[in-house]
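Here are my notes on this model, as numbered points. Please read them with the coordinates open.

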Amino acid sequence: MPISEIQHAEVADLIARGEAVLVEALPEEVYAEGHLPGAVNIRPRRVVELAKTLLPNLDERIVVYCGSAECDSSLRVAQRLVDLGYRDVHRYVGGKQDWVDEGRPIEIPIRPSLDSCC
């Protein structure tokens, strides 16, 4: 089954309405440097391990993205999710680069400062 592709405007709308779970398909260290708002991290080799925990609802709308249109990790993750029985999986082909190019913010996790300890 082919994976439906969606564009920036639809992704932004889904985020604003809280109507999708976003999945970043990049390595953990790249995800930790910044990701689309509310995204969870599942790279291709960890789909089977993490999907049931991070994506418990097989019917929820899922949008998978990676770094840019040149990256195919999002396609691999999306296809594995479909193979696992997820029914509403989409791919944001432009990914994080397109999101930033459109002037949209990314979330950067707060890292504890060593100076604030004890």
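1. Just after α4, G85 has a positive phi of about 105°. Helices here are DSSP runs of H or I with at least four residues, strands are runs of E with at least two, and both are numbered from the N terminus. G18, which follows α1, also has a positive phi, near 65°.

2. A word on the source. This is a predicted model, in which local features need pLDDT of at least 70 and side-chain atom pairs count only at pLDDT 80 or more, while totals for chains, interfaces and linings use all residues. Residues are numbered from 1 along each chain as its sequence is written, and side-chain values use heavy atoms, with hydrogens and water left out.

3. Take α4 (residues 73-83). S73, S74, V77, A78, L81 and V82 are buried there (buried is under 20% relative accessible area, exposed over 50%, partly exposed in between, with a 1.4 Å probe and protein chains only). Seen down the axis, these buried residues fall within an arc of 170°, so they line one face of α4. The arc is taken from the directions between the helix axis and the C-beta atoms. The cover over the buried residues of α4 includes β2, α3, β4 and β5.

4. How do α3 and α4 cross? The axes of α3 (residues 47-54) and α4 come within 11 Å and cross at roughly 65°. That makes α3 roughly perpendicular to α4. The cut-offs: under 35 degrees is roughly parallel, over 145 roughly antiparallel, 65 to 115 roughly perpendicular, and the rest oblique. Axes are lines fitted to C-alpha atoms, for helices over the stretch in contact, and angles run from 0 to 180 degrees between N-to-C directions. The crossing is right-handed (the near helix is turned clockwise from the far one by less than a right angle).

5. Which residues of α3 and α4 meet? V47, V48 and A51 in α3 meet V77, R80 and L81 in α4. Contact means heavy atoms within 4.5 Å. By class, this contact of α3 with α4 has five nonpolar, no polar and one charged residues.

6. The buried residues in α3 are V47, L50 and A51. They cover an arc of only 115° around the axis, which puts them on the same side of α3. The face turned away from that side carries the exposed residues V48, E49, K52 and T53. β3 (40-41) and α4 are included in what covers the buried residues of α3.

7. In α1 (residues 8-17), H8, V11, A12 and L14 are buried. Their arc is only 160° around the axis, which puts them on the same side of α1. Exposed A9 and A16 sit on the face turned away from the buried side of α1. The buried residues of α1 pack against β1 (4-6), β2 (21-24), β4, β5 (89-92) and α5 (95-101).

8. D59 is in the loop between α3 and β4 (62-65). D59 counts as partly exposed because its relative accessibility is 48%. Leaving out residues up to four places away in sequence, D59 touches R87 and D88.

9. V30 lies in α2 (residues 28-33). V30 is partly exposed, at a relative accessible area of 28%. Not counting residues up to four places away in sequence, V30 touches E24 and K96.

How values were computed. Nonpolar A, V, L, I, M, F, W, Y, C, P; charged D, E, K, R; others polar.
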